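This briefing goes through one model by topic. Keep the sequence and the 3D view open while reading.

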Amino acid sequence: MTTITRIVAALGGLVLAGGAHAEEGKLYLFNWTEYMDPEIIEAFEEKYNVEVVQNYFNSLPEMLAKLSAGGVSQYDIIVPSNYYVPRLIETGLVQPLDHAKLPNLGNLKDQFRDPSFDPGNEYSAAYQWGTTGVIYNSETFPDGPKSWSLMFDPDVNSSYPFALMGDGQVSIGAACAHLGHGYDCTGVDAWKEAAKLLIDTKNRGNFSGFVDGTPSLQQLARGVTHVALSYNGDYMNFKNEDPESFANIEFMIPDEGTEMWVDSMMIPAEAPNPDLAHKFIDFILDAEIGAQLSNYNYYSSPNAAAEPYLDEVLTKPPVQPTEEDMARLRFTPSLKGQELQTFSQLWNEVQAR
Amino acid sequence: MTETNMAVRSRGVVSETRHLLFSVMPGAVWIIVFLVLPSIYLMAVAFMTNGPYGQPQMPLSLESFRQLAGFGFLGWSPGNLYTLLRSLWQTLLSTVLVVIVAYPIAYYITTCREKWRPIMLLAVVVPSWTNQVIRTFGWMNLLAPGTPLSDAAQALGLIAPNMGLYPSNFAVTLGLVYNFLPFMVLPLYAAFEKLDTAQVQAAQDLYAAPVRAFWHAVFPQTLPGLLAGTVLVAIPAFGMYVIPELLGGGKGMMLGNLVANQFAGSANWPLGAAGAILMLIATFVGLYAMRRIGKRLGGGEEVVI
Amino acid sequence: MKKRTLQRGLTAFWWVTITFLYLPLLVVMLFSFNASNSAANFTGFSLRWYERLMGNEQIISAFWNSLVLAIVSSVVALAIGCLIGYGMYRHRHRKLGWLIVLIYLPIVLPDIVFGISEMAFFVSIHRHTGLLQPGLGTMIIAHVTFQIPFVALIVYSRLVGLDATLFEAAKDLYATPFKRAVHFLIPTLKPALISAFFLSFTLSVDDFVISFFTAGPESATLPIYIWGAIKKGVSPEINAIATLMIGAVAIAAVLSLMFNRQGRH
């Protein structure tokens, strides 16, 4: 029997040892789905003779959960949105950027050089920016109002299935905007009112679920829903890839206001290969690569140097919102401490009822 | 141990104990280290405080249990109670429905020719060999808006126009019944196969009505199988995560989702751990109750799964 | 007369139930061959979703992860579970209540509690010691934990079913415990070991929740990949992978039937 015990022990040892990797020459990129041009990855792999391993997330809560469940030591680059940046910095999940290794950082437009969520780019460098808006089926709503009422007002949409955003902060923000408190509302009173509206809304017969931004486009194309929330670039990207299915699907920025976001590249605190991560960030900040990225995924570039190389479609709505719409865009507030906990409880309540 | 070994008995006891340790220890230690300790750790987390970004931290408190009961910064709210009641209701409903379907099926298999029985049992069990996520995905396909089933339900006025049967609480119940049916059929089949036909015959002579004959002779004999099946169905159904998440569409949240959410989006590990403790208590109460009832009915060993 | 109506009713009910059980799987299989990206209409036969699968590195790596996970965990669980099963049998007259409780624990614990406790535990161990980084290793540990009891119970019940005098005979025949194990125990237990291995394998492939919570970034298995793909909303490809997995199960079912038949002759 001792032989068997030994085999068991050996196998056990193998299991315990397995799992650790941090191999040289590998970059672990944790990014949103449908957000990276494969050719850029190939170019980077070729330039530095490395392999890029990509993993994807559909929402920021999902990203944060993976990161705190061990991902902090397994990814080299993450691409969170503005309102998660302070949270990541304060919980020590990310490391400061070494600006000496990022000569291309100066390519960023001024407003991205010193963003409110990360003064002085200490931890983050902008990747892309865009908007969250309402997508709807224009056959179902031929003269749909440019308004959140398409979701929240049962008189405007009494029977067509619609979905809200899986990320609670966006859904609550949308409800706040509809109620006239503005998309970036904070404070218990406004939130409570918004949560009530959401509970009433989700109990309507034609509410079909909380769906993340990218899948909601698929659902709309397949007729599962007729109104939902999504991102301008993904919308353009999908529409371009499958013009037939997306022929009747429109993207709009509600007049009550909605979200503008900036996704930034950050390096997790215990990244296996921070040096390569810096190289990657600098690579993306390159003028031509930055333009190639935007041309591929239809999001606005934060890169001033990239401008000459950008496709024309990127200078028009919905990629570049009109000036009027620009004035309606807000950042999602970054929450912490008591505020975050209150918010979580309200969102939990919305989901449970 | 035979009598001839008496002389070496004392040495024998020692080596027997060593034998026991050697054979049982690797597995026992494995389960203790990789399951008992983690569970204890999780329970400890439930008594910690939620940090500013959701991570568990000192000091110890009962805050998470208060939150689970619905007491938050904004006073009491019924959300978690809804979730709990929904979990209980879905468990009860799906277990009853599973029994209603499984009972005749298990009986039917025993009435068929012996050579067919293994094949029939296999036919019932095989779908459960595919992954839970795939099975649930199959129902998403079947119940989505625009599918024949949804169109039929619309025509009958069961659901609003333009809507599908999924996502809904109905879809969750259906998914649960589908998922757990084999767990009920197998123990019931075992019970039916052992049915004492002489007793049934006697009952048929005694009671004119077949219903009464069934109730007095057949039903009590299948009770152990029924109880075993109930345990196998109800406990995992109560903690279900995948089905409400995929088929409920934000309307069918159950306790499993509440717990999982606290470790993902909302990031409140202590609250999630408190929910897990609630689930554990429910599990052990359920097991204990089944055991007690089983013993009283004289089911004996079989009831103890 | 009455009995026949009952029997007919039951036969009809049987076929309805079988339809209920297989319909979702058949629909998945049917739509995996759909030419268009529609869940509602079948517009024509096509293999395009399968072609897409073949070129998808993530799916191929998920397939290998699933396979390695299932095989390694089953082998480890077989070794450990077998020992426990044998120990339980040899010492069945002693008070082993604590062991029984320990063995039933992984079976009765709800998946979600199981997965989350291990995830929380592994994460905090990793934070303090650097060991147990979430990945294939932690998944193997978790899978072995829920496989051990099933192996132990199968081996135990097989041993209980044996004639006790056989053991005495074997004791006289083979001097060392090692020889006894090789020449007597393992051959006698072979059918039980094979079925325990296959059960462990099936349990591993069938698991989603526990894998999901103990996985690392590079260790996604097929079910985890499918879950992600459902959440992401890419349907037709999921149909194709799911169909392949259902096919594998169908083959396993046929094999198990044949194995069963042979066993009885």
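Helices and strands are DSSP runs, helices of at least four residues and strands of at least two, numbered from the N terminus. The model is predicted.

**Domains of chain A**
- The domain assignment divides chain A into domain 1 (22-129 + 261-321) and domain 2 (130-260 + 329-352).
- Taken over C-alpha atoms, the centres of domain 1 of chain A and domain 2 of chain A are separated by 26 Å.
- Domain 1 of chain A puts 22 residues into the contact, and domain 2 of chain A puts in 25 residues.
- On the side of domain 1 of chain A that touches domain 2 of chain A, α3 (60-68), α4 (85-90) and β5 of chain A each supply at least two residues.
- The most on that side of domain 1 of chain A comes from α4(A), with three residues.
- By residue type, the side of domain 1 of chain A that touches domain 2 of chain A holds 12 nonpolar, seven polar and three charged residues.

**Strands of chain A**
- Strands of a sheet pair through backbone hydrogen bonds, and the pairing is either parallel or antiparallel.
- An open sheet of three strands in chain A has the order β2-β1-β3, and its pairing is parallel.
- At the edges of this sheet are β2 (51-57) and β3 (77-78) of chain A, each of which pairs on one side only.
- Strand β1 (residues 26-32) of chain A is joined to β3(A) by two bridges, and the two run parallel.
- In β3(A), A:Ile77 stands opposite A:Leu29.
- Strand β5 (residues 125-137) of chain A and β8(A) run antiparallel and are joined by five bridges.
- Within β8(A), A:Val227 is the bridge partner of A:Tyr136.

**Helix α10 of chain A**
- Helix α10 (residues 232-241) of chain A is largely enclosed by the rest of the structure, because seven of its 10 residues are buried.
- Among the buried residues of α10(A) are A:Tyr235, A:Met236 and A:Phe238, and also A:Asp234 and A:Lys239.
- These buried residues of α10(A) pack against β5, α9 (213-221), β8, β9 (249-252) and α12 (287-297) of chain A.

**Backbone details**
- A:Asn49 is in the loop between α2 (38-48) and β2 of chain A, and has a positive phi, near 55°.
- A:Asn49 has 7 other C-beta atoms within 10 Å, so A:Asn49 is exposed.
- A:Tyr298 also has a positive phi, near 60°.
- A:Tyr298 has 23 other C-beta atoms within 10 Å, so A:Tyr298 is buried.
- The peptide bond from A:Pro317 to A:Pro318 is cis, and A:Pro318 is in the loop between α12 and α13 (323-326) of chain A.
- In chain B, a cis peptide bond joins B:Tyr166 and B:Pro167, and B:Pro167 is in the loop between α6 (148-155) and α7 (169-193) of chain B.

**Confidence in chain B**
- The pLDDT of chain B averages 84, and 91% of the residues score at least 70.
- Confidence is highest in helix α3 (residues 79-111) of chain B, at a mean of 94, and lowest in helix α8 (residues 197-206) of chain B, at 75.
- Residues 1-8 of chain B stay under 50 in pLDDT, and the model has two contacts for them beyond four places in sequence.
- Residues 299-305 of chain B are also below 50, with 16 contacts beyond near neighbours in sequence.

**Contact between chains B and C**
- Chain B gives 61 residues to the contact, and chain C gives 61 residues.
- On the side of chain B that touches chain C, the largest share comes from α1(B), with 17 residues.
- The residues on that side of chain B divide into 44 nonpolar, 16 polar and one charged.

**Chain C**
- Chain C has 11 helices and zero strands.
- The radius of gyration of chain C is 23 Å, whereas a compact globule of 265 residues would have one near 18 Å.
- Along the principal axes, the C-alpha atoms of chain C fill a box of roughly 75 × 70 × 30 Å.
- Of the 265 residues of chain C, 46% count as buried.

How values were computed: Residues are numbered from 1 along each chain as its sequence is written. Chains are lettered from A and ligands numbered from 1 in the order in which they are written. This is a predicted model: local features need pLDDT of at least 70, side-chain atom pairs count only at pLDDT 80 or more; totals for chains, interfaces and linings use all residues. The radius of gyration is taken over C-alpha atoms; the globule rule is 2.2 Å times the number of residues to the power 0.38. A residue is buried if 20 or more other C-beta atoms lie within 10 Å of its own, exposed if 12 or fewer, and partly exposed in between; C-beta atoms are placed from the backbone. pLDDT is the predictor's confidence in each residue, from 0 to 100. Two residues are in contact if their C-beta atoms, placed from the backbone, lie within 7 Å. Ala, Val, Leu, Ile, Met, Phe, Trp, Tyr, Cys and Pro count as nonpolar, Asp, Glu, Lys and Arg as charged, and the others, Gly among them, as polar. Two strands pair if DSSP finds at least two bridges between them. Domain bounds come from an automatic or database domain assignment.
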